[in-house]
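Here are some friendly notes to read alongside the model. Take them one at a time and find each element as you go.

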Amino acid sequence: MSILEVRGVSKRFGGLVAVNNVDLDIEKGEILGLIGPNGSGKTTLFNCITGFYRPESGSIRFHGENFLGLTPHGICVKGVARTFQLVKPFSRITALDNVIVGALCRTNSVEEARLEAMTILNFLGLSKKMTLPARDLTIADQKRLELARALATKPRLLLLDEVVAGLNPKETDEALALLRKIQESGVTLFVVEHVMKAIMTLADRIIVLHHGSKIAEGAPSEIATNTKVIEAYLGSEYRA
Amino acid sequence: MIVEVPGKISKLSSPKYYFALILVIITALLPLALNPFQVHVLVLVYLYAILAESWNIIGGYAGQGSFLNAAFFGITAYASSLLFILYGLSPWIGMFVGAFFSVLLALGAGYLCFRFGLKGHFFFLASIGITVAIQRVFINWYWPVNGDLVGGAYGIWVPVIKGDSFYHFQFRGKLPYYYIALAMLLAELYIAYRIQNSKFGYYFNAIRDDEDAAESLGVNTLKYKIIAFAISAALTAPAGTFYAQYFLFIDPFTVLTDMLSIEMVVVAVVGGMGTIFGPVIGAMILQPMMEYVRAFLGARRGLDLIITGFIIIVIATLRPRGFIKWFEDGYNYVVKQLPTMHLGGERKHVHSGS
């Protein structure tokens, strides 16, 4: 069953077409990967879905409900959460307080939110660092914290923008294991990723963007051998 | 192992709480040992602490550098004074009317500024612009009283009544003002404490640190910024009425000036923005200093401001987060030396783990 339907979405910045007439469906419970060279419009597409940008044309429906024109906080309340490519921690408050802000999306009681936040920090292995101000965490932990905050809003669909970029191999493996755990808990994931190895092992299905247009869609093994994709990444002289 | 199970009253058995209570009692008894000038200085300390504490809600917690707070102060000073002169209404009631108009102004100005995404320097400029516009309106606004005109650039003298009257908010001596200011400040601190530990406090801090991230976590940033502004306005209002009743004279150049907003910001920043006691500490440091410099070197106008400016530079270099940390450390040190008292709590035997 498709929970998110994107139809013919386009977003322009002046003369640049950042996202061009993109269609996509996200199935319940899957991990959908989104890849593409730099500047191919991945983050712009994310911003359109989460309400940070308003696309010029097309439609975005979540469980049949129109998402166009909703504010980012409205979309979060409907059950779609996201993380940012460049981490945006609430740097002056503690890691725990960061996650409490997320949990307050579903409750008005700070005490309830605190319990929820501690459960999530425990789940993500951050409990030992929860009293530190967010700015004092390492980049890997700040990325985890972003994930924790987003999860605290109890999303049905979670959009992750490059969670493993900048992590070392060990941290990457931990992060991937974590994402699978999140998938098992019943959250659908839509993941932008630059690290090919990571996305190939993680995703059930992959969509490839190039110059804002969708050029391929399919299982990771199909994508790896797709000539259009290889051309987009390496140039036409590498065609097999 | 015997542990103390805290009951409602027995919270006070911890030095952290009873030492705070002792400080409040000392503050309450303090004026009995001071001369009137010293009491006057303390009244001003509390007044500025209230103003900075209110500014702290929008400027410190929510991170929106408002320069409009002087307008909330001035509007309330005018509202309570005018209602008293024109209709004989108690300034206490006028205070609430003033607070009502201040909140209305905060809602309107807040919506206009935040709806169109003004932040940082632009919000600062817009809020200063609105303050100046309101000041101009009051400079040119006269009210007829018994065939005479009051207000405008001349300002307003609050009519002096005979004797002390709580209803009219007028007293001969300074002591009643002292206790009213102290009570207002304590109420303000309590409200700030409640806000900090509520959903509002968390959302305000989130907005201050990163608006996009806050939005993505379901925080309606527009709504919560306006709420922070309205709370700040409502909390500033009582200080306006207090000022008018304490000095019995107001004019647009003293109660509606952007200088007043700057002072609120400076007090909060020196003490520690975004903390509950920071503004109080800022007021405790700056206000006596300015008053004494003014009293001793009165003829050389502006010297107090030069010295204040110098101290701000020193603070910006040494303590960018304000003096609050030193005071917190001092407080915690004293608390550690004090014994725990046994009051009303139950003692229970508990099996320890190992």
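1. Let's start with a parallel pair: strand 6 of chain A is joined to strand 7 (residues 157-161) of chain A by 3 bridges. Within this pair, Val80(A) stands opposite Leu157(A). Strands here are DSSP runs of E with at least two residues, and helices are runs of H or I with at least four, both numbered from the N terminus. Two strands pair if DSSP finds at least two bridges between them.

2. A word on the source: this is a predicted model, where local features need pLDDT of at least 70, side-chain atom pairs count only at pLDDT 80 or more, and totals for chains, interfaces and linings use all residues. Residues are numbered from 1 along each chain as its sequence is written, while chains are lettered from A and ligands numbered from 1 in the order in which they are written.

3. Now look at the open sheet of 6 strands in chain A, with mixed pairing and the order 6-7-8-3-9-10. Strand 6 (80-82) and strand 10 (213-218) of chain A each have a single partner strand, so one side of each has no neighbour in the sheet.

4. Next, find the hairpin that strand 4 and strand 5 of chain A form, with 2 residues between them. His63(A), in the turn, has a positive phi of about 50°. The two strands pair in the antiparallel sense over 2 bridges, and Arg61(A) stands opposite Asn66(A).

5. Strand 4 (residues 57-62) of chain A also runs antiparallel to strand 1 (residues 2-13) of chain A, with 5 bridges joining them. Here Ser10(A) stands opposite Ser57(A).
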